[in-house]
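Here's a quick tour of the fold, helix by helix and strand by strand. Have the viewer open as you read.

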Amino acid sequence: MSCNVIPATARPLPGLFASCLSTAPEDVATVAELYQQHFETNAEVVQHMLRQNYREYPPHLNFAFARTVVLKRGQTTVSAATVRVHKSTSGLRFLEICLFATHKAHSGCGYGGVLSSLLLQKSFLAECTKIVLRATASATSFWWSQGYRFCPETTASQDPFYAYVLTHCLNFPQTCLMYRDLEVQCNWVEYSLAKTQRVAQVLQDCGASVQPMKRASREQPAETPAGELLH
């Protein structure tokens with residue numbers, strides 16, 4: 001993860017920083033617990049996802065290319081997202097958001113928007129042209145506010161990209177597929193940080209500097225081209 005994702009000119013919140021999740025047991029347990037607050041997902045699958053385990057088949061359960069980005073305020077994990085970079089059979093490079101959640105104790109403070117903006121910026125820098133995700137009914141309004149739209153009704157035979165998504169991306173029950181195109185780079189992070197400062201009125205010291213983005217230590221890093229894009 002680059003050290004300059006949150007620009008100094010954005011007047012960031014004090015003590016707010018992001019990093020890649022390490023595979024240390026305590027770090028994995030923290031994010032797994034966060035995800036379990038929101039998703040009725042198989043706990044074993046979550047563990048494989050966070051530990052970047054390789055699985056040859058089926059392809060949507062191969063998490064060797066997965067990376068988990070953690071947003072912290074001080075020592076507290078407030079949001080997390082697990083993502084994968086794909087290159088479809090048609091040559092389209094895109095980012096899949098496998099799981100994304102904000103701790104319930106810190107919801108409504110704008111942290112989800114900040115993490116979403118970080119993913120937008122990193123996706124653009126990784127030369128992705130699209131982001132896809134599966135949203136629950138309760139989360140669609142949030143993702144709509146972040147610029148995501150519902151995927152049009154189609155079939156795998158009509159759209160090769162959609163066919164790839166069906167076989168290589170996660171598909172949770174009672175969710176809908178949403179996407180966002182990345183055609184032009186914008187000041188996503190600056191905008192979200194400014195919005196977070198307005199929302200979180202309890203934070204009175206917004207002029208403090210932000211801690212730099214840190215590269216978390218990893219055990220047995222996966223040596224994959226797609227993985228390198230998110231460091």
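## The two sides of α1

On the face of helix α1 that points away from its buried side sit Glu-26 and Glu-33, both exposed (over 50% relative accessible area; buried is under 20%, partly exposed in between, with a 1.4 Å probe and protein chains only). This is a predicted model, where local features need pLDDT of at least 70, side-chain atom pairs count only at pLDDT 80 or more, and totals for chains, interfaces and linings use all residues. Numbering starts from 1 along each chain as its sequence is written, and side-chain values use heavy atoms, leaving out hydrogens and water.

The buried set in α1 is Val-28, Val-31, Ala-32, Leu-34 and Tyr-35. Looking down the axis, these buried residues fall within an arc of 160 degrees (taken from the directions from the helix axis to the C-beta atoms), so they line one face of the helix. They pack against α2 (43-50), β2 (67-73), β3 (76-87) and β4 (93-102), with contact meaning heavy atoms within 4.5 Å.

## The sheet

Helices (H or I, at least four residues) and strands (E, at least two) are DSSP runs numbered from the N terminus. Seven strands make an open, mixed sheet ordered β1-β2-β3-β4-β5-β7-β6; strands pair if DSSP finds at least two bridges between them. β1 (16-20) and β6 (149-150) are at the edges with a single partner strand each, so one side of each has no neighbour in the sheet.

β2 and β3 pair antiparallel over seven bridges, and Arg-73 sits opposite Thr-76 in β3.
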